Amino acid sequence: MKVEQPSDPPLNSCVDQLVVPGDTVLDLSTMSNQTIKLGEGLRQDSDKISVMKAGKLRLSKPNKYWVESSHKRYVPCVEDTILGIVVDSKPDNFLVDIKGPTLAFLPVLAFEGGTRRNIPKFEVGTLLYVRVVKANNSMNPELSCTDASGKAAEFGPLKDGYMFETSTGLARMLLSSPTCPVLEALGKKLSFEIAIGLNGRVWVNASSPATTVILSNAIMKSEFLSGTQQRIMVEKLMQKLQ
Amino acid sequence: MGGEGVVTPGEVVGESNQLIAGRGVYLAPNGRTLRASLTGLRKILPPPPDSSDQRSTVEVVGHKAHGAVPQPGSVVIARVTKVMARMASADIMCVESKAVREKFTGIIRQQDVRATEIDKVDMYLSFRPGDIVRALVLSLGDARAYYLSTAKNELGVVSAQSIAGATMVPISWTEMQCPLTGQVERRKVAKAD
């Protein structure tokens, strides 16, 4: 029985299509401009670019390619803003769970105006909004509660409220600009605070528990709905609230 | 008391008024006799010609060929096993071009990676797990590991594999390049001689 080798697809036909691991999406020898930037999920095998993760292939002109996929687990990446939960504290750093393969370290001095004299005391279970500073596959990721210039900028512990877990794809959609339709529609009728972590954790804080429940249900249900469907869903929920 | 023969630990090998204790020999608590601390052959070495003390040195040399043991000041070849935020852990494989017979672990601390700007060292940009490094033994360290240093030009990563799996070629003292993909990775590279 003869097995046919899959032929290489023509250039740019795979962009915005579903790709699976093993697909060859680009052949550098047939391309005119050979400088391309590979993002997540793509790998170079001499002249061929093949896919490592299932998802949609995306292109950002002129030459950035990556695979967008949604997972329940998070792979730490530098400069991501995420929600972590304190698991333990050591003399030099806090151990924080970020839904990744390993625990992350949050140095005890990584706060605005942090010195050895005013080390914050976080109990086990505290929810923190943090930024990933270092992330590579052989070491535990390092976090920080300041932005790149050293200012606090909303990072730190989140008090009250309710945290629920989502997939990483939904978190990215909620953070996209222009504002995600479901958040816009909810924001017109209800008042609440929200923090979204790219690791698939969302925190909402509203004045009453009923509002919190509506918010979390609306957000969790909106993952696979289009913009219009999200607005309709929010309308129906608001009517029930009345 | 002359001559050679196999001695065992604790055996008297000489008198302190006639001989000096060398390797494998120690002065007994009574201050008069020299006893062996190893199992091996007893050897007498002639005294150095210029010293005031004209006694010969007696030493005990191991009768089996033991593997090399890292000593402070010796250059070793080690394979990096773990890279952490402030140190890297490595398995010592050879000491001064002799292979070791047993497992020795070494630690390269952040401040011993290079000689300049030691507080700005990023361990992940200096070593990766699996790299072969040439290092200098600083001290016997603690019970778990020797302390190693790569803070010299000729010390550092000797051979490393890229993410694509090929052996990389050194470009400078901070970079190595993969021949298959052309990707440049950062390491603390040893100067090739």
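**A close look at one serine and at the interface**

Tutor: Setting aside residues up to four places away in sequence, Ser167(A) touches Ser70(A), His71(A), Gly200(A) and Glu223(A). This is a predicted model, and within it Ser167(A) sits in the loop of chain A between β14 (162-165) and α1 (168-174). Ser167(A) counts as buried because its relative accessibility is 11%, under the 20% that sets the limit for that class.

Turning to the interface, chain B contributes 8 residues to the contact and chain A contributes 7 residues. Between them the two chains bury about 670 Å², with 53% of this area on carbon and sulfur atoms. On the side of chain B, Ala85(B), Tyr124(B) and Thr181(B) supply 56% of the area buried against chain A, which is more than any other three residues. The count of salt bridges between chain B and chain A is 1, and Lys134(A) forms a salt bridge with Asp122(B) in which the closest N and O atoms are 3.8 Å apart. When the side of chain B that touches chain A is sorted by class, it has 6 nonpolar, 1 polar and 1 charged residues. As for polar contacts across this interface, 1 residue pair is found, with both residues at pLDDT 80 or more.

Definitions and conventions:
Residues are numbered from 1 along each chain as its sequence is written. Chains are lettered from A and ligands numbered from 1 in the order in which they are written. This is a predicted model: local features need pLDDT of at least 70, side-chain atom pairs count only at pLDDT 80 or more; totals for chains, interfaces and linings use all residues. Side-chain values use heavy atoms; hydrogens and water are left out. Contact means heavy atoms within 4.5 Å. Buried area is the accessible area (1.4 Å probe) that two parts lose on being put together, summed over both. A salt bridge is a side-chain nitrogen of Lys or Arg within 4 Å of a carboxyl oxygen of Asp or Glu. A polar contact is a pair of N or O atoms within 3.5 Å; within protein, one must be able to donate a hydrogen and the other to accept it, and residues adjacent in sequence count only if both atoms are side-chain atoms. Ala, Val, Leu, Ile, Met, Phe, Trp, Tyr, Cys and Pro count as nonpolar, Asp, Glu, Lys and Arg as charged, and the others, Gly among them, as polar. Helices (H or I, at least four residues) and strands (E, at least two) are DSSP runs, numbered from the N terminus. Buried means under 20% relative accessible area, exposed over 50%, partly exposed in between (1.4 Å probe, protein chains only).
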